[in-house]
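This briefing covers the model displayed below. It is arranged by topic for reference alongside the coordinates.

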Amino acid sequence: MYSRAYKAAVAVPPILWVALFLLLPYALMLAHSFWSVESGVIVHHWSLRNYVTLLRTSVYAEVLFRSAAIALGVTVLSVLLAFPLAYYLSFRAGLRKEVLYQLVIVPLWVSYLVRGYAWKTILGTEGVLNGFLRYLHLTGQPVEFFLYSPFAVVLTLTHIYTPFVFLPIYASMEHISRPLLDASADLGASPRVTFWRVILPLSVPGLTAGATFAFVLSFGDFLAPLLVGGPSGLMISNIVQNLFGAAYQWPLGAAISICMLALVVALLAAAERFERGFRH
Amino acid sequence: MAARPRSRWLAAVSAAVFAFLYLPIAVLVVYSFNREGVGGFPPGPLVLDWYRVLLGDSPLWDSVLNSLLVALAAVVISLALGLPAALALDRVAFPGKEAFRRLVLLPLVLPGIITGLSLLMLRVLAGIGAELWTVMLGHGTALMSVATTELFAGLQKMDRAQEEASLDLGANYWQTFWRVTLPNLRLPLVAAALLIFTLSMDEIAVTFFLIGRENTLPLEIWGRLRRGMTPEINAVSAVLFFASVALILLWYRLRTRGAAELETPLG
C-alpha cells in the first residue's frame, strides 16, 4: 500500500546516517586495529601485530579475565537480588504492585556517576560505613579494603544494574497467564512444583535478557573502576582508555576494542540462540 | 494458601533489596546537608550551606545549561532519525534490513567506550575539533537506537486500517502521516523523548571522547571528583534526583490523561 517514493523517503535518510555515523566509525576502529604507530604517528601498514601483542602480553589477558570475573559477579548478584523482587511484585504484592514497581524504577533516574560517587562516600576510609562501624565501637581503625577493590566495583555495579535486570524478569512474569497457575494447582501440583515447572521456565526469556545486559554493560564499564576500583579493580576499558589517551597507542587500543566488540556480539548471539532454543 | 511463610520470607528479601537500592540515595541526600563533609558518622550539624555554595557556582550552572542543550539536541536528532527508521523497519523491505536493524541497536548494547572511541576516530578523520555540537551528534546517533525501538513497538501496536482508510478516502501520504500516523504515535514519541533526554543528561562514555572545553554536567562533576569531594556534589545530585522524580510524576499524569483520551476518542 505504500508507494516507492514513500518507501525511499523513510528508508534512505536513516540508512545514510547510520552508514556515515555508525558503520564508518566502527569500520575505522577495525582498520586502526591493523595499523601501527611509528615515531608518534599512526601509519597505515596492515598487519596482525597488535593482536599478536595482545596474545603475548599477559597483563591484557589478566585484566580481561578480571573484567569478565567482575561482570560475572555483578550478573549473579543482580539476578539473585532482582529475581525474588520480581517474583514478589508479580505474584504476591497485590494492590501495592504499581507503587512498588515505581519504587524500583526511581533509582534508575539517579545519575549513574552520582550512584558511583555515593558508594565512594560510603565505602571510603573516612566514609559513612567506617564512621558507622567506629560509632558502634565495632572497629578501632578504619577498614581500608571496602574501597579501591574489585569488591567495591562489584557492589557499585550491582547497585546500578539490579533495576535493569529486574525489568525484563518482571515483564516475563507479568506475561505468564494466571489461569495456567490455577491449572497447575488444580492438577495437583504443589506451589513448589508450580514454581519449578511453570514459573521458572516461563521467566527464562527475561532472565536471559537481564543477565546478558548486566554482563555486557558491566564488562565494558570504565567509570566504576576509576571511582571505586583502585589499581586492583582496574578493568579492560580503563586500559583501552589509557591507550587512547596518554599512551597514544590507538592501534593497540583499537585491537582490544575489537576483541571486546567480538566478545559482546558473540555473547548476545549465544543468548538469543539459547532463548530461542528454550522456547522450542 | 499454604504459601504464607514463603510470602513473608519473600517480603523480607524484597524489603532488603529496596534498602540496598535506596541506601546510597538516602546517604547522598542526608550528607548534602552535612556541614562537616561527605563522610563520617553520625552526620554533624545539618545546614543549607552547600546549597548556597551550589547556587553561586556559575561554572556548574554553565555545565547544566550545556547538558540541557545537548539533551534537547539529542532528542531532536534521534527522533528525526528514529521515526523514519522505525517506519522503514515496519513497512519497507530493503536489502540489508536485518544488518541495519542490528547496527542501529549496537550503541545500546555495546560498552559506551567503544562507540565513543569510534566516533572520536570519525571526528579526527574529518578534521573537526571537539565542540559541543560534536557531542550533540554523538548523543543523537547513539540514542537513535532508543527512539527506533520505542517507535517501532508503537507502530507494531498501531491499527493499520486507520491509515488505509485515510489513503482510500483521498488523503495523500503526507496528510496521512500528519493526521493519522503521528497522532497515533503520540505516547511512544513522548516516552522516547523523555528516555532519550534522561539518558543524554547522564551520558559519559561517548561524551568523554567528543567533548571540547565546554563541559556537560556529568563531566564537570567527574572533573571535580578528581580534585576532592565536597557535599556540594551531593547537593547538586540531590537537586537532580528530585527534579527527575518530578519529571516522572509529570509524565505519569500526562500518560494517564493520554490513556483516558485514547479510550474515549469521541467523548
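**Domains and overall picture**

Chain B is divided into domain 1 (24–56 + 234–267) and domain 2 (59–228). The model is predicted, and the predictor gives the complex an ipTM of 0.88 and a pTM of 0.88.

**Domain arrangement in chain B**

- The centres of domain 1 of chain B and domain 2 of chain B, taken over C-alpha atoms, are separated by 25 Å.
- Where these two domains touch, domain 1 of chain B contributes seven residues and domain 2 of chain B contributes six residues.
- On the side of domain 1 of chain B that touches domain 2 of chain B, the most is given by helix H12 (residues 231–263) of chain B, with six residues.
- By class, that side of domain 1 of chain B has four nonpolar residues, two polar and one charged.

**Fold and dimensions of chain B**

- Chain B contains 12 helices and zero strands, giving the pattern α-α-α-α-α-α-α-α-α-α-α-α along the sequence.
- The radius of gyration of chain B is 23 Å, whereas a compact globule of 267 residues would have a value near 18 Å.
- Along the principal axes, the C-alpha atoms of chain B fill a box of roughly 70 × 70 × 35 Å.
- Of the 267 residues in chain B, 40% are buried.
- Among contacts in chain B between residues at least 6 apart in sequence, 79% join residues at least 24 apart.

**Confidence in chain B**

- Chain B has a mean pLDDT of 87, and 94% of its residues reach 70 or more.
- Within chain B, confidence is highest in H3(B), at a mean of 95, and lowest in H12(B), at 78.
- H12(B), where confidence in chain B is lowest, is also the helix that gives the most to the side of domain 1 of chain B that touches domain 2 of chain B.

**Fold and dimensions of chain A**

- Chain A has 12 helices and two strands, and from the N terminus on its elements run α-β-β-α-α-α-α-α-α-α-α-α-α-α.
- Chain A is more spread out than a compact globule, because its radius of gyration is 24 Å, well over the 19 Å that the globule rule gives for 280 residues.
- The C-alpha trace of chain A spans about 75 × 75 × 35 Å along its principal axes.
- Buried residues account for 43% of the 280 residues in chain A.
- For contacts in chain A between residues at least 6 apart in sequence, 73% join residues at least 24 apart.

**Contact between the chains**

- The contact involves 67 residues from chain A and 64 residues from chain B.
- On the side of chain A that touches chain B, the elements giving two or more residues are helices H1 (4–32), H3 (58–92), H5 (112–123), H6 (128–135), H7 (150–175), H9 (191–219), H11 (236–244) and H12 (250–279) of chain A.
- H1(A) supplies the largest share of this side, 18 residues.
- The side of chain A that touches chain B comprises 50 nonpolar, 13 polar and four charged residues.

**Nonpolar core**

- The largest nonpolar core has 142 residues, of which Ala82(A), Ala86(A), Ala152(A), Val165(A) and Val228(A) touch the most other members.
- Helix H3 (residues 58–91) of chain B gives the most to this core, with 14 residues.
- Each of domain 1 (24–56 + 234–267) and domain 2 (59–228) of chain B provides at least three residues to this core.
- Not counting residues up to four places away in sequence, Ala82(A) touches Thr162(A), Val165(A), Phe166(A), Ile169(A) and Gly210(A).

**Backbone details in chain A**

- Most residues other than glycine have a negative phi.
- Ser39(A), which is not a glycine, has a positive phi of about 40°.
- Ser39(A) lies in the loop between strand E1 (36–38) and strand E2 (41–43) of chain A, and it counts as exposed because it has 5 C-beta neighbours inside 10 Å.
- Tyr248(A) also has a positive phi, near 45°, and is found in the loop between H11 and H12 of chain A.
- With 12 other C-beta atoms within 10 Å, Tyr248(A) is exposed.

Key: Residues numbered from 1 in each chain as written. Chains lettered and ligands numbered in written order. Predicted model: local features only at pLDDT ≥ 70, side-chain atom pairs only at ≥ 80, totals over all residues. Helix = DSSP H or I, 4+ residues; strand = E, 2+ residues; numbered from the N terminus. Nonpolar A, V, L, I, M, F, W, Y, C, P; charged D, E, K, R; others polar. Domains from an automatic or database assignment. Rg over C-alpha atoms; globule rule 2.2 N^0.38 Å. Buried ≥ 20, exposed ≤ 12 C-beta atoms within 10 Å, placed from the backbone. Core = buried A, V, L, I, M, F, W, Y, C linked by C-beta atoms within 7 Å. pLDDT = per-residue confidence, 0-100.
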